[in-house]
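Open the model in your viewer and keep the selection panel at hand. The tour goes from one selection to the next and says what is there.

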Amino acid sequence: KFDLILAPMAKDVLVSEQADMLMKEYMSGEVLFHELSHSLGPGSIIKDGVETSVGAELKELYTQTEEGKADVMGAYNVLYMMEQGELPIAEKDNFLATYFVGLFRAMRFGINEAHGAGAAFQYTYFREVGAVTVEDGKFKLDFAKLEQAISDLTRDIVILQGDGDYAAAGAFLDKYAKLDADAENVITSLTHLPVDIQPIYDDAL
């Protein structure tokens with residue numbers, strides 16, 4: 001998926017000086033920490049003195065918030081591992097570029113799908129805080145602002161889930177889980193690339 005989809009996408013998503021920064025190991029790393037992050041954050045919560053769960057309170061909005069949470073918390077945890085010396089901190093910007101382009105891979109599934117909606121609210125949040133700007137139709141990352149925004153959004157989405165407030169979750173998704181014209185244009189430019197791949201297995205194995 002990295003060789004056939006993500007790496008080629010970067011040339012349409014990022015400005016030329018950042019498009020070659022992607023690294024395959026950080027696509028794998030983000031997927032790993034995304035899945036680990038599903039087990040982190042609020043699950044069982046107390047609301048109005050009653051034990052309940054985030055899923056029960058957020059209802060059909062839960063999967064959108066949870067997939068986005070796993071994405072951004074996964075990124076937060078990769079950055080944490082770099083700060084701890086477990087991953088090479090010199091490759092931080094490579095990771096951030098890989099992670100950001102990965103949001104577009106997910107948004108191509110459609111923002112009515114949970115992973116796509118989760119990616120869209122990350123994208124819009126990052127645009128709002130100036131971590132991402134547009135130059136000649138492509139995105140330019142401010143790596144320092146993006147790193148801070150990942151931390152801030154992780155905090156915000158964990159609080160949103162922990163509060164178990166359905167109305168607040170709906171307002172958050174209404175505000176952020178959408179695509180602006182810049183994102184739509186980039187996604188339209190990616191039609192020459194596959195959305196996904198289908199493995200072919202050797203029946204003899």
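Bear in mind throughout that this is a predicted model.

**Helix H1.** Start with Asp3 and Leu4, two exposed residues on the face of H1 that is turned away from its buried side. Then turn to the buried side and select Phe2, Ile5, Leu6, Met9, Ala10 and Val13, the buried residues of H1. Look down the helix axis: these buried residues fall within an arc of 125°, so they line one face of H1. As background, an α-helix has 3.6 residues a turn, so residues three or four places apart point the same way.

What covers this buried side? Show helix H2 (16–19), H3, H6, strand S4 (138–141) and helix H10 (181–188), which are among the elements covering the buried residues of H1.

Next, check the span of H1, residues 2–13. Its end C-alpha atoms are only 14 Å apart, whereas a straight helix of twelve residues would span 16 Å at 1.5 Å a residue.

**Helix H8.** Now colour the buried residues of H8: Phe143, Leu146, Ala149, Ile150, Asp152, Leu153, Thr154, Ile157, Leu160 and Gln161. Step past the end of the helix to Gly164, which follows H8 and has a positive phi, near 60°.

**Two loops.** Go to the loop between strand S1 (44–47) and strand S2 (50–53), where Asp48 is found. Asp48 is not a glycine, yet its phi is positive, at about 55°. Is Asp48 buried or exposed? Its relative accessibility is 74%, and exposed means over 50%, so Asp48 counts as exposed.

Move on to Lys59, in the loop between helix H4 (54–58) and H5. Lys59 also has a positive phi of about 55° without being a glycine. With a relative accessible area of 54%, Lys59 is exposed.

**The largest pocket.** Finish at the largest pocket, which holds about 370 Å³ of space. Centre the view on Val31, Asp71, Gly102, Arg105 and Ala106, the closest to the pocket centre of the 19 residues that line it. Which elements give two or more residues to this lining? They are helix H3 (24–37), helix H5 (62–83) and helix H6 (92–107). Coloured by residue class, the lining of the largest pocket shows eight nonpolar, four polar and seven charged residues.

Note on methods:
Residues numbered from 1 in each chain as written. Predicted model: local features only at pLDDT ≥ 70, side-chain atom pairs only at ≥ 80, totals over all residues. Heavy atoms only, no water. 1 Å grid on protein atoms, 1.4 Å probe; cavity = no way out; pocket = protein on both sides within 12 Å on 5 of 7 lines; lining within 4 Å. Points joined across faces, edges and corners; volume = space filled by probe spheres on them. Helix = DSSP H or I, 4+ residues; strand = E, 2+ residues; numbered from the N terminus. Nonpolar A, V, L, I, M, F, W, Y, C, P; charged D, E, K, R; others polar. Expected span 1.5 Å × (residues − 1). Buried < 20%, exposed > 50% of the residue type's maximum accessible area, 1.4 Å probe, protein only. Arc of directions from axis to C-beta. Contact = heavy atoms within 4.5 Å.
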